[in-house]
Amino acid sequence: MLEVIFSDSAAGCLKVASGNGNYVGGVSSAIIVGKNGDDLTADQKDIQKMISESEERERLNWGKAIPLNIERKDILCFPLALSTGDITEDGIGKQRLSALQMLVSIYPDEVMRASQDMFTTAQKSFEELLSRVENGESIRVWTSNVPDDACGLCWMIEQLKHIGFEHLDITCVRLPEFHVMPDNTVVTYSGWGEVAPHQWGHLALLGQKLPADYMHGLSLRWQQLKKENTPLRAVVNRKLVSVPESFYDSFILQELDAEEDEFMEARVIGKVLGKYSLGISDSLVAIRIEQFIKDGMLKAVTHAGEKDPVYHRILRKLK
């Protein structure tokens, strides 16, 4: 079975989750915060105790993990950011590369170069997807209400329609609104990249076979989105729709209004992403702030370093 997913971070988690339920250690940290948000100095023994308790919970959760028993070579990742940019072409072509390069334009040059590698990997994965599905192999696709995931599912179905929906064997695992962990804590997720590796096996049980008629509907939705070809696509009331490039501006402006006349751009971006769970990237928010600067609403007081994202700077309000 092929495992299809639409973000690099989620693919990384899934690869770790494929380890047959074996405990995988990681890095633990503790943040001590006062009632008013002020950092407090804590005794080293207290910090170590909290870290030890966290590691023990992790071991407990891995002990109750459900093995996925999948091969890493079967994981096909398509981090194509299909909710952004031109989508009129079929497959994975130059228009998609242009959209990816636009999104990473706020990062240092080495990340720009990485986008080309990511694009090439997606093209190779696409060739393998077509080849193996045409030979009758089944698919399990991991999706959610994150715009890129929702777009990815519709896009994939559209690319496979020539095989015939009645001949496709696709299981869809949708990220739930919340999940009860083995240690009885309840967690919510913004996307698959936030799901702990030991939880993927449990969530895989939520998978459902996609009926041919439903896949036909997803294909028609993608065809309509291609026809509209707006700058962005978003999930509104659980429906994937075309939206203008200014769609998220109200959330950004609300956080800008709460800032002083001079502020850290990165802090605003962090608040937008953390507060509203929009399922979008930091780069998309940064690009809109860049437009605010061009429009004369803001001015850069400092500049980011050569190895930093553009948004590592201080901005000043002008209007």
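At what angle do the axes of helix H8 (residues 249–257) and helix H10 (residues 282–294) cross? They cross at roughly 70°, and the axes come within 11 Å. Axes here are lines fitted to C-alpha atoms, for helices over the stretch in contact, with angles from 0 to 180 degrees between N-to-C directions. H8 and H10 are therefore roughly perpendicular to each other, a label for angles of 65 to 115 degrees. Helices are DSSP runs of at least four residues (H or I), strands (E) of at least two, numbered from the N terminus.

This is a predicted model: local features need pLDDT of at least 70, side-chain atom pairs count only at pLDDT 80 or more, and totals for chains, interfaces and linings use all residues. Residues are numbered from 1 along each chain as its sequence is written, and side-chain values use heavy atoms, leaving out hydrogens and water.

In H8, Asp249, Ile252, Leu253 and Leu256 meet Val285, Arg288, Ile289 and Phe292 of H10. Contact means heavy atoms within 4.5 Å.

A second pair is H5 (residues 147–159) and H7 (residues 212–228). Their angle is about 105°, with the axes 8 Å apart. H5 and H7 are therefore roughly perpendicular to each other. H5 contributes residues including Cys151 and Trp155; H7 contributes Met215 and Trp222, among others.

Now for charges. A salt bridge puts a side-chain nitrogen of Lys or Arg within 4 Å of a carboxyl oxygen of Asp or Glu. The count comes to 15. One example is Arg132 with Asp74, whose closest N and O atoms are 2.8 Å apart. Arg132 lies in helix H4 (residues 109–134), and Asp74 in the loop between helix H2 (44–63) and strand E2 (75–77). The pair is 58 residues apart and links distant parts of the chain.

Conventions. Parallel < 35°, antiparallel > 145°, perpendicular 65-115°, else oblique.
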